[in-house]
Amino acid sequence: TGYWWLSEMALPEEAPVALSFNGITHAVMLATPADLEDFGAGFALCEAMVQGPAEILGLEIHTHAVGLEIAMTLTARRASALAERRRSLAGPTGCGLCGVDSLAQANRAVPKVESTAKISESALRRGLAALPLQQTLNRETGAVHAAAWIDNDGTLVALREDVGRHNALDKLVGALAKAKCDLSQGVLLLTSRCSVELVMKAATMGMPIVA
């Protein structure tokens, strides 16, 4: 004899999301359709498509029959520079390097992070302990990644979730840019494996510590 326990869990929503710049689609990602404005801005910043939020003149979310579109308008100077390194990402693989159209793009140089930032073990543990309490979508589904930013005292500043770990980080960066946070002091927390493309994104943004 035995007992069966039945429980219900929600499934995380996933949808194709196109990221377009000045009318040209540069990436199509499978993503959790939430915090899309943060996603668009963060993607542009992490992939060095813009040098700062001020180069994004406008951002609109469009709903299509087959998915969603984050349509961004860049300055003419930035749009011209972007045209030289156009990339098209498409895929459910979740690999941040899949789809680039040259080896040089896959191995693009990232800036060296010059920082004296430090964090104590107790502060880091405090931040890690706060992480699951803020993962509301993961509590419902048990199937999404999170990226969070904590200050040097271990206080959680911001958190974003997504089915894709790269998307979660892009969303977080967009949120931090909107809040004008100083990324030279603090720690990036990731719930997923620390893959090279996540480190590249963090280095591009000048984040000094990844945990």
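User: Is serine 195 buried or exposed?
Analyst: A word first on what we're looking at: this is a predicted model, where local features need pLDDT of at least 70, side-chain atom pairs count only at pLDDT 80 or more, and totals for chains, interfaces and linings use all residues. Residues are numbered from 1 along each chain as its sequence is written, and side-chain values use heavy atoms, with hydrogens and water left out. The cut-offs are under 20% relative accessible area for buried, over 50% for exposed, and partly exposed in between (1.4 Å probe, protein chains only). Serine 195 has a relative accessible area of 6%, so it counts as buried.

User: Where does serine 195 lie, and which residues does it touch?
Analyst: Helices (H or I, at least four residues) and strands (E, at least two) are DSSP runs, numbered from the N terminus. Serine 195 sits in the loop between strand E8 (187–190) and helix H7 (196–204). A contact means heavy atoms within 4.5 Å. Leaving out residues up to four places away in sequence, serine 195 touches Arg165 and His166.

User: Which helix do Arg165 and His166 belong to, and how many of its residues are buried?
Analyst: Both are among the buried residues of H6. That helix is largely enclosed by the rest of the structure, because the buried share of H6 is 12 of the 14 residues.

User: What span does H6 reach from its first C-alpha to its last?
Analyst: H6 covers residues 165–178. The expected span of a helix is 1.5 Å times one less than its number of residues. For H6 that expectation is 20 Å, and the model comes close to it, reaching 20 Å.

User: What covers the buried residues of H6?
Analyst: Both strands and helices take part in the cover. The strands include E2 (24–31), E6 (145–150), E7 (156–162) and E8. Among the helices are H1 (36–46) and H7.

User: Which strands make up the open sheet, and in what order?
Analyst: Strands of a sheet pair through backbone hydrogen bonds, either parallel or antiparallel. Here, two strands pair if DSSP finds at least two bridges between them. The open sheet has three strands with antiparallel pairing, in the order E7-E6-E8.

User: Why is one side of E7 and of E8 left without a neighbour in the sheet?
Analyst: E7 and E8 each have a single partner strand.

User: What angle does the direction of H6 make with that of E7?
Analyst: Axes are lines fitted to C-alpha atoms, for helices over the stretch in contact, and angles run from 0 to 180 degrees between N-to-C directions. In the sheet, the twist averages 15 degrees from one strand to the next. H6 packs on that sheet, touching E6, E7 and E8, and its direction makes an angle with that of E7 of about 140 degrees.

User: What is the bridge partner of isoleucine 150 in E8?
Analyst: E6 and E8 run antiparallel and are joined by four bridges. In E8, isoleucine 150 is partnered by valine 187.

User: Is H7 largely enclosed by the rest of the structure or left open, and which of its residues are buried?
Analyst: Seven of the nine residues of H7 are buried, so the helix is largely enclosed by the rest of the structure. Those residues are Glu197, Leu198, Met200, Lys201, Ala202, Ala203 and Thr204.

User: How many disulfides does the structure hold?
Analyst: A disulfide is a pair of cysteine sulfur atoms within 2.5 Å. Cysteine 46 is buried, with a relative accessible area of 0%, while cysteine 181 is partly exposed at 27%. Cysteine 181 is placed in the loop between H6 and E8 and touches Val157 and Leu176, not counting residues up to four places away in sequence. The number of disulfides is zero.

User: How many helices and strands does the protein have, and what percentage of its residues count as buried?
Analyst: The protein has seven helices and eight strands. Out of its 211 residues, the buried percentage is 43%.
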